[in-house]
Every structure is written in C-alpha cells, then in structure tokens.
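Here are a few notes to read alongside the model.

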Amino acid sequence: MSFDPRSNAQIERIATDFLRRVSPRSLRLPLKLDVLDIFERLEDAPFNLNPGVKDLAPGVEGMTYSDGRIEITEATYRGLVRGEGRPRFTVMHEIAHAIMHMKQMLKMPFVETQVLQRRSLKPFEDPEWQANVFASAALMPAEMVRLIASRNNWPVARPDEVVSVFGVSLPAAEVRLKKLGLLK
C-alpha cells in the first residue's frame, strides 16, 4: 500500500498551514520555531494527539501511531530541550506523520506500517520522504530562508547562518538550501 501522493509544493502548503496555527510569527520573521512547546501542546485542540517519551527500538528516535500517539526517546527529548537540530527535526517529522498519514495508517494492519518497503514506493508516495519535506518546510519556511539570503545580498544562502537562525542541523540546512536553489 502506498500513501497519498504529495508534491513538494503541496507539502510546503501543509507545513505553512500548520505554522499559521501554531506559530504565525515564524511566517513573518526568521526565527527558531519552539518545537518543544509545540510537542508539549499536541494534546490540545486542534491536534488532540498524545505525545510521550518512551524507549523505542534501537536506532529509532521517534514513532507515530495511528491512534494519535507520538513517542520519542528520552535522548531525543533531552536533545529537544537543549534545542539541538536533529531532535527538533525528528519531532517535526513525527508531527508530519500525524498530520498527513494517520488516516491512512488507520486502514493498514500494524505489521504493514512497521515493514513498509519504501524502496518500492515513488518518492512522492513515500511517507518518510513526505515527513522530511514537511519538517524541513516547517523549521525553515522558504520565504524566511530567502529573506535571510536577500538581506545579505547573497546569490546563495550560507548554511551556517541557516543553522544559527533556525536551529537545525547543518545537513538539514544544506538539503533545504539546495531544494530552494540557494546553495550550489
């Protein structure tokens, strides 16, 4: 079973709509999104999700379930509290699954969601690819990244500045800048 196909542009719109609800300021000013606050408020309307911290399988930093649970490891939570880039990305990635994939996950047997063979999916149908695009767009809104580049009269943006402003990892900043055509 594949997931609903979504383009980059569609996922960007979903992320923008999410930001309008949780942090409208982040669409007007380049800033570090308060992912810890968002994670801790997921139980509230309109999301009604159940965030938690739990031991997960080795190598798994976060997990989203069809019943609305979003679980992250203790190490991921500690990194989130410290404002580290990768844990912030992980949490936004899991939120993306809850927003974009929960309805379809409800229709899938649990085993199928665990052993989904991603290599058989086209990227635009791959829930992991979609969640990564969402996390990137929510943490580094396109217009705010472009604003940083234009303020400095750069034809391209500097990844280190994107890391500093948005609180993301260097690899995440580089991928985002390449996708936006701001890094050669």
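1. The sheet is open and has three strands in the order β1-β3-β2, with mixed pairing. Its edge strands, β1 (50–53) and β2 (62–64), each pair on one side only. From one strand to the next, the twist averages 15°. Helices (H or I, at least four residues) and strands (E, at least two) are DSSP runs numbered from the N terminus, and two strands pair if DSSP finds at least two bridges between them.

2. This is a predicted model: local features need pLDDT of at least 70, side-chain atom pairs count only at pLDDT 80 or more, and totals for chains, interfaces and linings use all residues. Residues are numbered from 1 along each chain as its sequence is written, and side-chain values use heavy atoms, without hydrogens or water.

3. Strands β2 and β3 (residues 69–72) run antiparallel and are joined by three bridges. G62 has I72 of β3 as its bridge partner.

4. Helix α3 (residues 74–82) lies across β1 and β3, at about 85° to β3. Axes are lines fitted to C-alpha atoms, for helices over the stretch in contact, with angles from 0 to 180 degrees between N-to-C directions. Helix α4 (residues 85–106) packs on the sheet and touches β2 and β3, its direction making about 20° with that of β2.

Technical notes
Contact = heavy atoms within 4.5 Å.
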